[in-house]
Amino acid sequence: MTTSQAPSRVFIVDDDEAVRDSVRWLLEANGYRVRSFSGAEEFLHTYEPDQVGVLIADVRMPGMSGLELQEELNRRGAPLPIVFITGHGDVPMAVTTMKKGAIDFLEKPFNETDLRTIVARMLEQATERVSQAQAQKNHQAVLSRLTAREQQVLERIVAGRLNKQI
């Protein structure tokens with residue numbers, strides 16, 4: 001399945017079952033495909049980076065926290081937009097998550113309309129990020145097939161050299 005054909009999904013990672021269920025019902029009622037997880041480790045075991053999706057994660061969870069999950073996804077180079085939800089947030093925590101690439105940071109209880117708007121915006125970004133990641137993989141695959149001499153010629157072309165100089 002190509003990126004443009006891949007169905008997008010909203011992933012919810014929260015240790016509170018009531019929150020997971022309410023967010024899931026809200027998003028499914030608005031036509032989103034949703035998958036929920038009770039912990040970050042469970043999510044990481046099933047996440048596939050070429051899947052177009054967005055992540056809604058709680059900041060504080062037993063085991064791996066939402067912040068640690070974000071760091072792991074960043075380490076893996078995952079093109080997954082993240083919004084954090086928390087009942088115990090503060091400004092420094094919000095700033096930290098945003099600096100590390102989170103799209104938004106919502107405090108519980110949050111406005112349902114705000115969440116729907118954020119998810120719609122994030123899915124657009126996710127589609128673009130996955131497309132860019134796939135294009136990068138394709139470029140790398142093409143470049144890896146070049147011979148050593150072809151790579152030298154390409155380097156000189158990129159450097160702006162004339163045909164005579166190459």
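Which residues point one way from β1, and which the other way? In this predicted model, R9, F11 and V13 point one way from the strand, V10 and I12 point the other way, and all are buried (buried means under 20% relative accessible area, exposed over 50% and partly exposed in between, with a 1.4 Å probe and protein chains only). Residues are numbered from 1 along each chain as its sequence is written, and side-chain values use heavy atoms, with hydrogens and water left out. Because the model is predicted, local features need pLDDT of at least 70 and side-chain atom pairs count only at pLDDT 80 or more, while totals for chains, interfaces and linings use all residues.

Helices (H or I, at least four residues) and strands (E, at least two) are DSSP runs, numbered from the N terminus. Five strands form an open sheet in the order β2-β1-β3-β4-β5, with parallel pairing; two strands are taken to pair if DSSP finds at least two bridges between them. At the edges stand β2 (34-37) and β5 (104-107), each of which pairs on one side only. From one strand to the next, the twist averages 20°. As a general point, strands of a sheet pair through backbone hydrogen bonds, either parallel or antiparallel.

On one side, β1 runs parallel to β3 (residues 53-58), and five bridges join the two. Within this pairing V10 stands opposite V54, and I12 stands opposite I56. The pairing of β1 with β2 is also in the parallel sense and extends over four bridges; here the bridge partner of F11 is R35. The strand β1 is mostly covered, five of its five residues being buried.

Helix α1 touches β1, β2, β3 and β4 (82-86), and its direction makes about 175° with that of β2. Contact here means heavy atoms within 4.5 Å, while axes are lines fitted to C-alpha atoms, for helices over the stretch in contact, and angles run from 0 to 180 degrees between N-to-C directions. Helix α4 (residues 91-99) packs on the sheet as well, touching β4 and β5, with its direction at about 150° to that of β5.

Helix α1 also meets helix α5 (residues 112-144): their axes come within 11 Å and cross at roughly 65°. The crossing is right-handed (a crossing is left-handed if the near helix is turned anticlockwise from the far one by less than a right angle, and right-handed if clockwise). The contact is made by V23, L26 and L27 of α1 together with E112, L115, R116 and V119 of α5. By class, these residues divide into five nonpolar, no polar and two charged, where Ala, Val, Leu, Ile, Met, Phe, Trp, Tyr, Cys and Pro count as nonpolar, Asp, Glu, Lys and Arg as charged, and the others, Gly among them, as polar. Elsewhere on α1, A18 counts as exposed because its relative accessible area is 53%.

D14 is buried, with a relative accessible area of 0%. A polar atom of its side chain lies 2.8 Å from the backbone nitrogen of D16; a polar contact is a pair of N or O atoms within 3.5 Å, where within protein one must be able to donate a hydrogen and the other to accept it, and residues adjacent in sequence count only if both atoms are side-chain atoms. Neighbours within four places in sequence aside, D14 is in contact with V19, R20, F37, S38, D58, M61, I85 and K108. One of these partners, K108, is joined to P109 by a cis peptide bond with omega near -10°, and P109 lies in the loop between β5 and α5.

Two further buried residues complete the picture. G53, in strand β3, has a relative accessible area of 1% and is therefore buried. Not counting residues up to four places away in sequence, G53 touches R9, F11, L80, P81, L123 and A126. In helix α3 (residues 66-76), L73 counts as buried because its relative accessibility is 1%. With residues up to four places away again left out, L73 touches F43, L44, Y47, L55, A78, L80 and I82. L73 and L44 are 29 residues apart in sequence, with 8.5 Å between their C-alpha atoms.
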